[in-house]
Amino acid sequence: MASCGDIEDGFGRAEMFSEPLAGTIDKYDGHIFVCVPAKYTEWPPDAGSIGLVKALSGRVKAASKVEGAPVYKVTVCEATEGQDGNIILFPPKGSHIKGPTIFRGAANTEADVDWFMSCIVGSSISNPERVAAVDPATVWIFVCCHASRDRRCGKCGPELLDLSRELTKDRPVTSLACSHVGGHVYAGNVIVYKAGEMDWFGYVTPAGLASILSSALGLPEADFAAAA
């Protein structure tokens with residue numbers, strides 16, 4: 001039997017699967033995730049107010065207004081150990097940056113933000129020793145857990161995040177909590193990046209997550225369904 005909390009904010013709420021999802025994401029070309037040290041349970045409603053995220057977002061938005069320039073989304077994610085201030089970039093197709101890339105400490109100071117912007121706006125990467133290419137076989141799972149922005153995300157997100165980590169132990173998967181990605185009504189919200197492709201999922205339940213992981217990893221759904 002579903003709990004009261006599940007019916008109000010969780011996977012058992014009446015609005016689940018009530019709206020079509022096609023066309024609900026604004027067009028964009030690349031995605032920037034800023035790793036912040038604060039745990040997702042401590043994020044303010046406006047996660048962009050953390051550290052230099054707002055300054056970075058403003059710079060990225062200004063750069064996108066140049067004719068022909070790519071459009072980037074900027075999202076906060078919870079840093080894992082030793083990742084504070086890093087930026088994880090999923091570059092647009094055709095970029096001189098090939099594949100998911102980690103820019104170490106790129107959001108720590110204004111000078112670091114300047115460096116990062118020069119790397120994505122220019123035609124080459126300066127200080128390449130601060131940059132780490134990611135294994136292209138890695139599957140990235142971002143789950144909105146932004147409770148202070150919406151209770152539905154705070155209810156569904158953490159459960160999906162924990163489950164994703166549990167189901168993908170010893171597999172090439174990185175699962176991270178992220179801030180608001182739009183569409184609270186669609187919680188649980190999950191973004192998957194794999195091999196240059198991006199997929200957004202809404203109304204994700206634990207059973208639905210098993211299906212998503214199965215597809216992303218090319219493995220039988222039965223490998224995940226039992227635990228979900």
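Lys39 and Glu78 meet through their side chains in a salt bridge, with N and O 3.8 Å apart; the term stands for a side-chain nitrogen of Lys or Arg within 4 Å of a carboxyl oxygen of Asp or Glu. Lys39 sits in the loop between E1 and helix H2 (53-64) and Glu78 in strand E2 (residues 72-78), so the pair ties together parts that are 39 residues apart in sequence. The model is predicted: local features need pLDDT of at least 70, side-chain atom pairs count only at pLDDT 80 or more, and totals for chains, interfaces and linings use all residues. Residues are numbered from 1 along each chain as its sequence is written, and side-chain values use heavy atoms, leaving out hydrogens and water.

**Salt bridges**

- The whole structure holds 11 salt bridges.
- Lys39 is partly exposed at 38% relative accessible area, while Glu78, at 12%, counts as buried; here buried means under 20% relative accessible area, exposed over 50% and partly exposed in between (1.4 Å probe, protein chains only).
- Glu197 pairs with Lys93, their closest N and O atoms being 3.6 Å apart.
- This pair links distant parts of the chain, 104 residues apart: Glu197 is in strand E9 and Lys93 in the loop between E3 and E4.
- Glu197 is partly exposed at 43%, and Lys93 is exposed at 71%.
- Arg152 and Asp150 form another salt bridge, with 2.9 Å between the closest N and O atoms.
- Shared partners join Arg13, Glu15, Asp150 and Arg152 into one network.

- Helices (H or I, at least four residues) and strands (E, at least two) are DSSP runs, numbered from the N terminus.
- Strand E3 (residues 87-90) is covered on both faces, with Ile87 and Leu89 buried on one side and Ile88 and Phe90 on the other.
- Strand E1 (residues 30-36) runs antiparallel to E3 and is joined to it by 4 bridges; strands pair if DSSP finds at least two bridges between them.
- Val34 has Ile87 in E3 as its bridge partner.
- Strand E4 (residues 101-103) also pairs with E3 in the antiparallel sense, over 3 bridges, and there Ile88 stands opposite Ile102.

**Helix H5**

- Helix H5 (residues 206-217) has 12 residues and reaches 17 Å from first C-alpha to last, close to the 16 Å expected (1.5 Å times one less than the number of residues).
- Its buried residues include Pro206, Leu209, Ile212 and Leu213.
- Among the elements covering the buried residues of H5 are helix H4 (151-167) and strand E7 (173-178).
- Gly218 follows H5, with a positive phi near 65°.

Notes:
Contact = heavy atoms within 4.5 Å.
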